[in-house]
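Please examine the sequence and the model shown here before reading on.

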Amino acid sequence: MGASCNGCPSSTFPHVEAATEVDAGKEPYCQLLELATEAQPGNQHAIDAALMHLQDKNRDVRESALHLLTQIVEPGDQRTMDALMPYLESHDGQTRRDTLWVMGQIARKGDTNAIIRATRCLEDVDEDVRCVALEVLSRLACKGDPQTVAHVCAKLEDEKWDVRRTAVQALRQLAEKGDKCATTAASGLLKHGDWRVRRTAVHALSQVAEMGDDRTMHLMAHQAGADVAYCVRQAALQTLQQLARPGHNSNIATLLAGLLDEHWSARRTAVL
């Protein structure tokens, strides 16, 4: 157990050990620790205190205050949600990211305002904020919502790999199998100049295409045989195997051709 102040164990709350080394940070940490230990959900005094500490100069204090809010704010508390909104405009990327994450924990599924805010954050300059925005949308938006699916699809060609990966995971949660918007968006990226985007498109199709979908199977067969990047060919072979119906042999030729691929990982995928 780390250091403590006023009898509050530092292990009770995140980042306390770092703060105990700085005299200026002791008092707010003690307050947050006591609140984390004693406050009941919905306690407005504790909520107001945590919101006040969001303005602290110490980033760790601000982060701890945000974590405290997830413990004591009741789901759908609009007053707290409104108080958090200005922090989404902070100059500090970590503050924006953490505020968005907390908002996603507090908001109820289908909360229109929270979904709008998270959607705007998809264009944040910080890739971590964009990732959290996708995670929040996958939690709050209703499955099959066309607008949200379209916004998530746009992130399949984000410049950052983590964002593209998170977008695929979000589509798995949000898009119905066979969703036309999702399959069309992903298919349109199969000729993208960046092989990483093409691979992401293949992974996305593996999540949203219906099993046995002829168009997707044809696209994957072509990608498995023609893409210049071996990792895209490998992903296409995996998707073919995943989407093929049991006993369906229309793509055996493609899989057999994979056995002759110049790269060992694609050949191994064809065998498996």
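**Basis and confidence**

The model is predicted, with local features requiring pLDDT of at least 70 and side-chain atom pairs counting only at pLDDT 80 or more, while totals for chains, interfaces and linings use all residues. Residues are numbered from 1 along each chain as its sequence is written, and side-chain values use heavy atoms, leaving out hydrogens and water.

The average pLDDT (the predictor's confidence in each residue, from 0 to 100) is 81 for the protein, and 77% of the residues score at least 70. The pLDDT is below 50 over residues 1-26, a stretch that has 43 contacts in the model beyond near neighbours in sequence. Contact here means heavy atoms within 4.5 Å.

**Composition**

The protein has 16 helices and 2 strands. These elements are DSSP runs numbered from the N terminus, with helices (H or I) of at least four residues and strands (E) of at least two. Of the 272 residues, 49% are buried. Buried means under 20% relative accessible area, exposed over 50%, and partly exposed in between, with a 1.4 Å probe and protein chains only. Among contacts between residues at least 6 apart in sequence, 63% join residues at least 24 apart.

**Helix packing**

Axes are lines fitted to C-alpha atoms, for helices over the stretch in contact, and angles run from 0 to 180 degrees between N-to-C directions.

| Helix pair | Axis separation | Angle |
|---|---|---|
| Helix 4 and helix 6 | within 9 Å | roughly 5° |
| Helix 6 and helix 8 | 9 Å | about 5° |
| Helix 13 and helix 14 | within 8 Å | roughly 150° |

Angles under 35 degrees count as roughly parallel, over 145 as roughly antiparallel, 65 to 115 as roughly perpendicular and the rest as oblique. Helix 4 is accordingly roughly parallel to helix 6. Their contact involves residues including Arg62, Glu63 and Leu66 of helix 4 and Asp98, Trp101 and Val102 of helix 6. By class, this contact holds 4 nonpolar, 6 polar and 4 charged residues. Ala, Val, Leu, Ile, Met, Phe, Trp, Tyr, Cys and Pro count as nonpolar, Asp, Glu, Lys and Arg as charged, and the others, Gly among them, as polar.

Helix 6 and helix 8 are likewise roughly parallel to each other. Among the residues making their contact are Arg97, Leu100 and Trp101 of helix 6, together with Val129, Val132 and Val136 of helix 8. The classes here are 7 nonpolar, 3 polar and 4 charged.

Helix 13, by contrast, is roughly antiparallel to helix 14. Residues of helix 13 including Met217, Met220 and Ala221 meet residues of helix 14 including Ala236, Leu237 and Leu240. This contact comprises 9 nonpolar, 3 polar and 1 charged residues.

**Two individual residues**

Val132 lies in helix 8 and counts as buried at 9% relative accessibility. Beyond residues up to four places away in sequence, Val132 touches Arg97, Leu100 and Trp101. Its C-alpha atom is separated by 8.6 Å from that of Cys121, 11 residues apart along the chain.

Pro146 belongs to helix 9 (residues 146-154) and counts as exposed, at 57% relative accessibility. The C-alpha atoms of Pro146 and Asp179 are separated by 8.9 Å, the two residues being 33 apart along the chain.
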